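Trainee: Could you walk me through this model, one feature at a time? I would like to learn how each term is defined before we apply it.

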Amino acid sequence: MLVRARLLSFLRRPQAVDDRSSYRYEEDGGLLVEDGRIVAFGPYADVRAGASGDVEEIDHRPHLVLPGLVDTHLHFPQMQVIGAYAADLLEWLNTHTFPEECRFVESAHAARIARHFYDELIRHGTTTAAAFCSVHKASADAYFAEALARGMCMVGGKVMMDRNAPQGLTDTPGTGYDETRAVIAEWHGKGRNHVAITPRFAITSTPAQMDAAAALAREFPDLHIQTHLSENHDEIRLTAELYPDALDYTDVYARYGLLGPKSLFGHCIHLSEREADAMSEAGAVAVHCPTSNLFLGSGLFALKAFMRREKPLRVGLATDVGGGTSYSMLKTLDEAYKIQQLLGERLNPLESFHHMTLGNAEALSLADRIGTLEPGTDADFVVLDAAATPAMALRMEVVRSLADELFLLQTLGDDRAVRETYVAGRAMKSRL
Ligand code: GUN
Ligand code: FE
């Protein structure tokens, strides 16, 4: 297949809004795809000349083709929690989220929600995500089975949680360990699936369960680890009470060997300097979830300040559905922009689009396969239309630069701006 469109792919994080060397842009571009991989990316005329005469050609001009969007943290069993009214994190978890997650003990329910989950990702142009399943193995089975059926590259894990949650939503140190091992054995490396070790957060795991997570991390050092860190002041206080020997919240995870370069920590809003240093030294990833942080009133993540520290943090951007209020990475970066505004910082549109593509692929340590249009990588990409709605089309009439077009997409765009989503070279959105 040969795709003709305006092509944009980042090479590294842009240093400024006019950092032309940070990306590759082809105004009349060609993307040649074979067997689910990108085999050529360049000016249309050149790619056309190198392709066989009978190759199927798809013309997406005047739209923009970018690498598929990547979401580094969300919750598959929270599709029916999104937008639930609550004061803050702990109330939201206890009144809405935990009761809802209990339903995923049923395989049929998990399978039904999994179909909706992937439909929604595709609709919003997200081709890879890292998600928490529920405590039930059935939820992880449904999650990975559906990813396999759709050929998507997904990270996910059965949540480990053995206290401070209702009956029906807890495992034990032993079953959490055994079932995580079973999920790894059945799903890791099958298709494009990546299993993550997933203790929910310190409050819902006993020290004995953290020991079990530590054992898994030692046995499977290449796996992702995902959890939550420093989201809310009450959460931080309760964690300190439950782990009195730890230096701070980050140290709880560090003590159990869970702080490393494949560790993804949702939120990280209220980190001390010591914690940020420890994260940086370990190469751990702080995952910013802007719509969630605003919705739950959790706080303002110091994205720009974290990235320019003497010991910088690796960061990911994520929806955190259902604490987050949108599946759209465009809307997510729009809210991230506004949070930086409140902190007196500026997130430029090139940086935003880098974050939702290559940056998030790097956060997941998957940039050798996704997040880029470079030849040799997987053919996951999106087609974006900056004139998708009447309001966008009107604004687009006076937009003159690529950066302004991206900023318009981010500020006014959502799933309506996603014309098509390709996974491993297959058009997915138009088939929903
Ligand atoms: N901390 C522990 N569990 C959760 C969750 O499901 N959502 C959010 N936002 N924070 C959490
Ligand atoms: Fe979360």
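Mentor: Gladly. Two strands pair if DSSP finds at least two bridges between them. Strands (E, at least two residues) and helices (H or I, at least four) are DSSP runs, numbered from the N terminus. Here β1 and β2 pair in the antiparallel sense over eight bridges, and Ala5 stands opposite Gly29 in β2.

Trainee: What should I know about the model itself and its numbering?

Mentor: It is a predicted model, so local features need pLDDT of at least 70 and side-chain atom pairs count only at pLDDT 80 or more, while totals for chains, interfaces and linings use all residues. Residues are numbered from 1 along each chain as its sequence is written, and chains are lettered from A and ligands numbered from 1 in the order in which they are written.

Trainee: In what sense do β2 and β3 pair, and over how many bridges?

Mentor: They are antiparallel, with six bridges. Glu34 has Arg37 in β3 as its bridge partner. β2 and β3 form a hairpin with two residues between them, and Asp35 in the turn has a positive phi of about 50°.

Trainee: What is the strand order in the open sheet?

Mentor: Its seven strands run β3-β2-β1-β4-β14-β15-β16, with mixed pairing. β3 (37-43) and β16 (426-427) are the edge strands, each pairing on one side only. In a regular strand the side chains alternate between the two faces of the sheet. As for β1 (residues 2-10) and β4 (residues 57-67), they run parallel and are joined by five bridges; Arg6 has Leu64 in β4 as its bridge partner.

Trainee: Which strands does helix α13 touch?

Mentor: Contact between two residues means that their C-beta atoms, placed from the backbone, lie within 7 Å. Axes are lines fitted to C-alpha atoms, for helices over the stretch in contact, and angles run from 0 to 180 degrees between N-to-C directions. Helix α13 (residues 349-363) packs on the sheet and touches β1, β2 (23-34) and β4, its direction making about 100° with that of β4.

Trainee: And how do I read a pair of helices?

Mentor: Two packed helices are described by the angle between their axes and the distance between the axes. The axes of α4 (residues 137-150) and α5 (residues 173-187) come within 10 Å and cross at roughly 20°. That makes α4 roughly parallel to α5, a label for angles under 35 degrees. At the contact, Lys137, Ala140 and Phe144 in α4 meet Glu179, Ala182, Val183 and Trp187 in α5. These residues divide into five nonpolar, no polar and two charged. Ala, Val, Leu, Ile, Met, Phe, Trp, Tyr, Cys and Pro count as nonpolar, Asp, Glu, Lys and Arg as charged, and the others, Gly among them, as polar.

Trainee: Which residues surround ligand 1?

Mentor: A residue is near the ligand if its C-beta atom, placed from the backbone, lies within 6 Å of it. The residues around ligand 1 include His75, Arg200, His228, Glu231 and Asp320. By class, the shell has three nonpolar, five polar and three charged residues. Helix α2 (residues 89-101) gives the largest share, three residues.

Trainee: Where is Asp320, and what is its phi?

Mentor: Asp320 is in the loop between β13 and α12, and has a positive phi of about 55° although it is not a glycine. Gly322 lies in the loop between β13 (314-317) and α12 (329-342), and the peptide bond from Val321 to Gly322 is cis, with omega near 5°. Another cis peptide bond joins Arg61 and Pro62, with omega about 5°; Pro62 is in strand β4.

Definitions and conventions: Angles under 35 degrees count as roughly parallel, over 145 as roughly antiparallel, 65 to 115 as roughly perpendicular and the rest as oblique.
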